[in-house]
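Biologist: Hi! Could you walk me through this model while we both have it open?

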Amino acid sequence: MVTIESDQQRADQLTGVVTATGNVRIVYPDERVVATARQAQYFSKENRVVLSGDVDIVQEGGNLIRAERVVYLVDGERLIAIPPSGQQVFSRLKIQQKPAPQPLPSQPAAVQP
């Protein structure tokens with residue numbers, strides 16, 4: 001379940017577009033993500049979310065993305081971040097290192113009679 005808080009929200013049944021504007025805050029507890037922006041739009045026919053205006057996406061554990069615009073393609077779980085004009089996107093990712101594989105226990109040598 002996703003929770004959206006904003007100053008204004010509207011849904012267009014014909015286009016399938018839901019728009020939230022002004023102090024948008026989206027909480028996605030299953031993914032431990034909180035996103036803020038000036039505007040968020042969900043395009044239900046394309047299963048695509050577009051956040052725009054001072055976008056911050058924070059995931060519990062330290063991951064962070066800051067951009068002017070972020071497009072999230074829900075079906076492909078793909079995110080595209082676009083910076084403000086003349087600037088860069090900022091990302092901070094915590095890299096999870098896999099533990100080194102443990103050696104298999106030694107097998108006792110077969111005893112010959």
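This is a predicted model: local features need pLDDT of at least 70, side-chain atom pairs count only at pLDDT 80 or more; totals for chains, interfaces and linings use all residues.

Biologist: Thanks! How many helices and strands are in the protein?

Modeller: Zero helices and eight strands, so the pattern along the sequence reads β-β-β-β-β-β-β-β, where helices (H or I, at least four residues) and strands (E, at least two) are DSSP runs numbered from the N terminus.

Biologist: And what radius of gyration does the protein have?

Modeller: The protein has 22 Å, whereas a compact globule of 113 residues would be near 13 Å. That radius is taken over C-alpha atoms, and the globule rule is 2.2 Å times the number of residues to the power 0.38. The C-alpha atoms fill a box of roughly 85 × 35 × 20 Å along the principal axes.

Biologist: What share of the residues counts as buried?

Modeller: Of the 113 residues, 22% are buried; buried means under 20% relative accessible area, exposed over 50%, and partly exposed in between, with a 1.4 Å probe and protein chains only. The accessible surface comes to about 8,700 Å², and 53% of it belongs to carbon and sulfur atoms. Those areas come from the Shrake-Rupley method with a 1.4 Å probe, and for residues only the protein chains shown count as cover.

Biologist: How many salt bridges does that give you?

Modeller: The count is six, taking a salt bridge as a side-chain nitrogen of Lys or Arg within 4 Å of a carboxyl oxygen of Asp or Glu. One of them joins Asp 54 and Arg 38, at 2.7 Å from N to O. Asp 54 lies in strand E5 (residues 48-59) and Arg 38 in strand E4 (residues 33-43), so the bridge ties together parts that are 16 residues apart in sequence.

Biologist: Are those two buried or partly exposed?

Modeller: Both are partly exposed: Asp 54 has a relative accessible area of 48%, and Arg 38 has 46%.

Biologist: Which residue does Asp 56 pair with?

Modeller: Asp 56 forms a salt bridge with Arg 66, with the closest N and O atoms 3.2 Å apart. The pair links distant parts of the chain, with Asp 56 in strand E5 and Arg 66 in strand E6 (residues 63-73), 10 residues apart. Asp 56 is partly exposed at 23% relative accessibility, and Arg 66 is partly exposed at 42%. Elsewhere, salt bridges that share partners join Arg 38, Asp 54 and Glu 68 into one network.

Biologist: And Glu 46, which partner does it have?

Modeller: Arg 48, with the closest N and O atoms 2.6 Å apart. Glu 46 is partly exposed, at 48% relative accessibility.

Biologist: Which residues have a positive phi without being glycine?

Modeller: Arg 32, with phi near 55°, and Asp 54, with phi near 50°, are among them. Arg 32 lies in the loop between strand E3 (17-28) and E4, and is partly exposed at 44% relative accessibility.

Biologist: What does Gln 41 touch?

Modeller: Gln 41, in strand E4, touches Val 17, Val 18, Thr 19, Arg 48, Val 49 and Val 50, leaving out residues up to four places away in sequence.

Biologist: Last one: where is Pro 101?

Modeller: Pro 101 is in the segment after strand E8 (90-92), and counts as exposed at 75% relative accessibility. Its C-alpha atom is separated by 47 Å from that of Ser 6, 95 residues apart along the chain.

Notes:
Residues are numbered from 1 along each chain as its sequence is written. Side-chain values use heavy atoms; hydrogens and water are left out. Contact means heavy atoms within 4.5 Å.
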